[in-house]
Amino acid sequence: MKTTIMVPATKKRRTEIEGEDEEVRTKESIGGLSSEEEMEDISEEDDIGARTLEARSRVRKTPQHPSSEQEKAQAVRESYESKFNVFRMETEELLSEIRVDYRKRMAPVEKMLHKLKNIIEKIPRKADATIDEVEREMRKLEIHIPFPEPMPGADIKYKFSYEKPVYMNIAGSYALKTVAKQREGFAIDLILQMPPTIFQEKDYLNYRYFHKRAYYLATIAGAIQGSGLDLQLSYVDLHDDPLRPIIVAAPSGSNSETGFTASKCLIHIIPAISKNTFSVSKLRPDKNAARPVAERDTSGGSFPPTPQYNSSILADTTYFEHIAWLHEVSSEAKAFKDACLLGRTWLKQRGFGSNINQGGFGHAEWSILMSLLLEGGGSKGSSVLAKGYSNYQMFKAVLQFLATRDLIMNPLLFDVGSESVRWPKGPNVFDGKIGLNILFKMTEWGYHLLKHEAAITLKLLNDPVIDHFEEIFLHRLDDPCHKFDSLAYIPIPECLNKDNRLNPLLSFSQRLYDMLSTGLTDRAKLIHLTLPPTLAQPIRVSGISRSPPPARKIIAGLLLNAAQCNRAVDHGPPAGHKDGASYRVFWGDKAELRRFKDGNILESVVWGTKDSNQSIYHQIIQYLVTKNLGDEIGTHVKFIGDEYANAVGGREDVGLFQPTMAAFEKLVKALRNLEGLPLAIRQVSAVAPALRYSSVEVPLLSGRLMQPADVVVQFESSGRWPDDLTAIQKTKIAFLLKMSELLEKASAVTRIGLENIDYPAMNSAFLEVVYHEGSAFRIRIYHDREQTLLERQLLNKDLPGKKRDEITAALSEHRRRFIVGPLHTQEVQKLSHRFPALSPSIRLLKRWFRTHLLSREVSEELVELMAVRTFVTTSSPPNSVMSGFLRTLRFISLWDWRAEPAIVGTVAKNASETFSATRASDPAMNRYAMVIPTEYDPTGTTFTESGPRKVVAARVTALARSAVSASFKDMFISSTKDYDFVIHIEPRYTLPSVRSKGSKFKNLQKTEMTSQDIAKLGLNVPEAFANELNEIYGDTIVFFTDGDIIAGLWNPSSVSGRRWKVNIPYSTIPLVRGNDEEVLTLNKKSILNEISRLGGEILAKIEIIK
């Protein structure tokens, strides 16, 4: 047995590097309704328009716990009401900020609208032109006609005409006054109702309506182009519908009276038709209106329905009817417009919009759906919403409807009588008055994502503890890398098959979605396809590009099922089953018959797990795309996500730590079997990151000797323990010596280590145990009497200040190491089994902190809590390393740690009051910058007292903000240009790792330990040197290290100079300022020379950067 004396860690109180105190910024807490009532039970509220936002700053008192049940219920009601009132007032403030001042900003736009109206009205009538005449006319004007595919042939019989619009007016959100301020601006819809006389009865068939509409639009474009108005014109497919191009008029940037650049808007010129132009009954979803080219001249036969085509025509009939209906509803329901603004904001932050590539559900669909729910949609024909609801109640009720009602299996039908209206593979909210499914642009995958987001937000609104207002309305949540667990970029073939039911891109996307859904089975809870947006087309023929269009891709986003996504074998139908043939056709060569242990013979597909760096679900996508779309497409599929998992070992679970946990179980068993100890062992607790699946390096891989993992041993209670702190430490040493003696008899290598030798109130010894397979543990003894004795000493008012600081530090260390530390380890262990992606996410996050030299200031436990919060505070936790890591970085980038705690799990309801008390006791945040309360650490300061200090916390936030938008490779590149100097450590003194020697076969490796190897265990030269430097120069320099280098920043207050006084704790030189004032300033050269002498041979060089 060998005894080693370890260097004690510095326990002196940190001083803030920024010199002067900062004023603590407070952030108001926002409440949310937490009741679980059904939509029908949402009670009516008083009008909140007269309430002022000053109420937000009122201190909310948490009700005390009364004795009677009636008082308890009253306390709960008061708590909910208080939180709800604050949420309502925060909502009012949001609405006041996003409303547009129409009189102030829109005057130039309205002048431009009047000019456009005059130009359009003066366009001369044109009647019965053939296709040749139309094309010749537009070629003269150099105007491109935006004919949709299929283009009209030269032999078509129908004629083209133009007459001035029957009616022109503004529609959409601008007319309803529900426009919201947003960075990219908004659009004003100018609707032109085309006269029915330019159409024939059967123009709804075979794209004739859309071809005539395109000519009508080109005529208007030519007139505006020739008018000389300061506008930039282009064609854009309305909501990504290739059948319905529109004109987009953008400001040219001029400062004329009609220049509307400052208004930040565009003008959409949209052709429309009246409801009576075509028979609605012939455009029902089950009717065919676009027959195959070869059969257009035949009258007989049965053709498949064309619901998308039919809906595109009917959608052009709804503009004025919808705006009139919405005006009527908004006049009866006072909160309707504000609820529309809340819905618009919620949708925008999540990337939803009316465009097909944005899900096909935007502000217009939200408004129409809400107006319909005011009329019906509930049980027995009742309305889902009440006209007396507040804006918040309407918003929440619509979310609850979207989250709970399956509009695919249970469509919402209005005014359809006894008819059954079917919609293929998509949600259906059918308005029988106009014959249109208002969600006709929504795809199956887009609707599932909308339901998913609505369910998540509903749970956030019902959270009784944590306030989620910012997450609901203020944070952008549309980044695919943050929203999904995995991404696949799938190229779109250049030549898509065209049919008469959907546009080619939607047809291809539906085929791809069905293929992925069948192939991934229950590995993915949700599959979402993001289609590429359609590009604008120039008005002029000369502006059309002749170069090939850029390659387009579909983004397939997966929300994984953590329990099934890494399954290696898929079971199909039994041998001889009728579905076996289709199963083999779908999987091709991958399908095979296999006999399983239970005797069943099943069609099966087996995926490789060892020889591929790809996850199994990525292998499936690659195989299916290659098999069904060809090698050219399959080889160009790009996956995002596997690189995150491969950076920490490739497995998205805790399996890599199985040898470590087995070694720990071996130690526990050996300790419990020890005979001859004065007291029986009551509990053995793990404390080290390696024993909670969260260490960056996985121990015992490839024969490496494990760095000692901290373990806490607690003996049974006994009255024979001494009542003096120093005596208790001596008793612990005696116990450790006896344990060492007994363990050595069990073939373990042991040694006693001493620590904190200058601090008698702290733990003074530990026992290191090393096994021959390479596992190593560091055992400390926990005695519960120590905390009582330390707290008793702090009650002594006559205790000297220096001694009080020592006792305070000892008590804090005791709680962290022996009380909170084991509880934290148990919690992370439990959550790592519950969330397989948690362990690798933590490890990757720690690697990120270490890359940026932050691991010395930010404790491992604090990093773990940041990651844990990402998993436990959402109803949709991450299921991959990518989403877990990136969502945590996003949280760090958005967390205002100065003004609010980051609550993890279910904590006491007075967490805000505890945080306020912490800030009041330390307003400059010299001791606690970040606060993360948990159930086992309600104050949230146990793991943040030693760091990060305020300046480092600010750097963590800044780095996280840069990382969330960076590529994976760039995230882990750190620059030292921001530091003042960098100390480079000789490579031979960096953290050693002892590898196995002998056999080249992994299963035959055996670690050959020497006394030198054991002596180096736990020795981290760069960290020990950084600790020593911090003890000497901590008031002058902030040190950062990653194990290979030590970077330093000079304290600005020391650099700026100070007047002379005795006992200045750092080397100085005199300096005469401009006003002949003599001050002492930091002698940087001397201090760096001192550091060089202290480091000696362990230093390679000191690089001065600034």
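**Briefing on a predicted single-chain model**

Ile 527 stands opposite Leu 558 in strand β15. This is a predicted model, in which local features need pLDDT of at least 70 and side-chain atom pairs count only at pLDDT 80 or more, while totals for chains, interfaces and linings use all residues. Residues are numbered from 1 along each chain as its sequence is written, and side-chain values use heavy atoms, with hydrogens and water left out.

**The chain as a whole**

- The chain has 33 helices and 30 strands, where helices (H or I, at least four residues) and strands (E, at least two) are DSSP runs numbered from the N terminus.
- Of the 1106 residues in the chain, 53% are buried, a term that means under 20% relative accessible area, with exposed meaning over 50% and partly exposed lying in between (1.4 Å probe, protein chains only).
- Among the contacts in the chain with a separation of 6 or more, 73% come from residues 24 or more positions apart, a contact being heavy atoms within 4.5 Å.

**Strand β13 and its partner**

- Strand β13 (residues 524–530) is largely enclosed by the rest of the structure, because five of its seven residues are buried.
- β13 pairs with β15 (residues 553–560) in the antiparallel sense over six bridges, and two strands are taken to pair if DSSP finds at least two bridges between them.

**Helix α8**

- The 14 residues of helix α8 (residues 319–332) should span 20 Å at 1.5 Å a residue, which agrees with the 20 Å between its end C-alpha atoms; the expected span is 1.5 Å times one less than the number of residues.
- The buried residues of α8 are Tyr 319, Phe 320, His 322, Ile 323, Leu 326, Val 329 and Ser 330.
- An α-helix has 3.6 residues a turn, so residues three or four places apart point the same way.

**Helices α23 and α25**

- The axes of α23 (residues 801–834) and α25 (residues 860–872) come within 11 Å and cross at roughly 40 degrees. The contact is made by Arg 816, His 824, Val 828 and Leu 831 of α23, together with Glu 861, Glu 864, Leu 865, Val 868 and Val 872 of α25.
- The axes are lines fitted to C-alpha atoms, for helices over the stretch in contact, and angles run from 0 to 180 degrees between N-to-C directions.
- Gly 821 has its place in helix α23 and is buried, with a relative accessible area of 5%.
- Not counting residues up to four places away in sequence, Gly 821 touches Val 687, Arg 815, Arg 816 and Phe 943.
- The C-alpha atoms of Gly 821 and Ser 685, which are 136 residues apart along the chain, are separated by 9.2 Å.

**Backbone features in loops**

- Asn 206, in the loop between β5 (186–193) and α6 (208–226), has a positive phi of about 50 degrees although it is not a glycine, and at 14% relative accessibility Asn 206 counts as buried.
- Leu 853, in the loop between α24 (838–851) and α25, has a positive phi of about 60 degrees although it is not a glycine, and Leu 853 is buried at a relative accessible area of 1%.
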